[in-house]
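Please find below my comments on the model under review.

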Amino acid sequence: MSVPAFNSTTHSTFTQSPNPSWTYGEKVDTTPVGKDWLAGESAGWKVYNTAELEEANTHKLLNSGIVPRPIAFVSTISEEGIENLAPFSWFNTVTTYPPVISFGCNNNASGGLKDTAANLKKSKEFSVNIISEPFMENANATSIDAPRDFDEWSISGLTKEKCVEIKASRVKESAFSLECELYNSMDITHPVTGEHKCTLIVARVKYIHVRKDVLTDRGVIDLTKYKPGRCIIWPRW
């Protein structure tokens with residue numbers, strides 16, 4: 001299917017909630033939009049038992065249902081000094097005090113650990129860089145399944161910037177970067193087969209780098225200037 005070209009003139013805006021006059025206990029069908037939404041219930045529900053689903057179908061459902069998701073653009077460095085850069089969409093904040101983030105790193109095509117997981121398990125550190133619209137393609141290029149000795153920075157067109165404490169670089173083009181220290185990692189295994197498919201990474205944030213032009217006077221990030229990339233299901237699926 002064809003999709004329209006990216007429209008750089010549109011941007012996020014701050015609005016009221018969909019029903020600003022809502023009061024406690026008010027039903028969903030009190031607004032025209034609510035009535036239309038509830039009308040969809042007439043089609044019924046399809047219930048999926050994940051124990052019976054093929055892996056590809058589970059992947060499609062969860063990827064398209066849990067949206068939008070922020071993308072962690074993770075920079076690590078191996079014991080040999082080879083730097084790695086890769087995006088991960090199963091990412092979010094865990095808590096803010098202490099500041100902790102997490103992301104899921106699926107295994108590579110051959111079933112082994114991806115360079116990101118292997119590197120940070122040994123070094124115990126990495127940077128997370130948030131992707132913004134102007135360098136979406138640059139970041140996406142690093143998602144290739146490359147040999148272990150390949151530096152994805154070399155094809156990204158992005159700029160390495162030194163961090164305060166960790167050895168791994170941060171992405172200079174990112175307006176929001178985190179220097180992270182590994183808190184814990186967990187191998188996620190299938191409850192029936194015992195197959196290891198993913199590693200959950202939990203890390204403490206030690207330093208936060210924020211570009212001044214995206215900060216408001218209140219000390220928060222201005223979404224309209226930040227223009228972060230979000231993961232939403234590809235329509236061809």
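The numbered points below take these topics in turn.

1. Basis. This is a predicted model, in which local features need pLDDT of at least 70 and side-chain atom pairs count only at pLDDT 80 or more, while totals for chains, interfaces and linings use all residues. Residues are numbered from 1 along each chain as its sequence is written, and side-chain values use heavy atoms, with hydrogens and water left out.

2. Sheet. An open sheet is formed by 7 strands in the order β3-β2-β6-β9-β10-β5-β4, with antiparallel pairing. Strands (E, at least two residues) and helices (H or I, at least four) are DSSP runs numbered from the N terminus, and two strands pair if DSSP finds at least two bridges between them. The edge strands, β3 and β4, each pair on one side only. From one strand to the next, the twist averages 30 degrees, taken between lines fitted to C-alpha atoms, with angles running from 0 to 180 degrees between N-to-C directions.

3. Strand β2. Because 6 of the 6 residues of β2 are buried, this strand is largely enclosed by the rest of the structure; buried means under 20% relative accessible area with a 1.4 Å probe, protein chains only. Ala72, Val74 and Thr76 point one way, and Phe73, Ser75 and Ile77 the other.

4. Partners of β2. β2 is joined to β3 by 6 bridges, and Ile77 has Glu83 as its bridge partner in β3. The hairpin of these two strands has 5 residues between them, and there Gly81 takes a positive phi near 90 degrees. With β6, β2 pairs over 4 bridges in the antiparallel sense; Ser75 stands opposite Ser127.

5. Nonpolar cores. A nonpolar core is a set of buried Ala, Val, Leu, Ile, Met, Phe, Trp, Tyr and Cys residues joined through side-chain atoms within 4.5 Å. Of the 23 residues in the largest one, Ile101, Phe103, Phe126, Val128 and Cys180 touch the most other members. The largest share of this core, 4 residues, comes from β9. Apart from it lies another core of 9 residues, among them Ile71, Phe73, Ala139 and Val171.

6. Which residues are closest to the centre of the second largest pocket? Of the 19 residues that line it, they are Phe91, Thr93, Ile101, Phe176 and Leu178; lining residues have an atom within 4 Å of a point of the pocket, an open set on a 1 Å grid with protein on both sides within 12 Å along at least five of seven lines. β4 gives the largest share of this lining, 5 residues.

Note on methods:
On a 1 Å grid over the protein atoms alone, a cavity is a set of points where a 1.4 Å probe fits but cannot get out, and a pocket is an open set with protein on both sides within 12 Å along at least five of seven lines; lining residues have an atom within 4 Å of a point. Buried means under 20% relative accessible area, exposed over 50%, partly exposed in between (1.4 Å probe, protein chains only).
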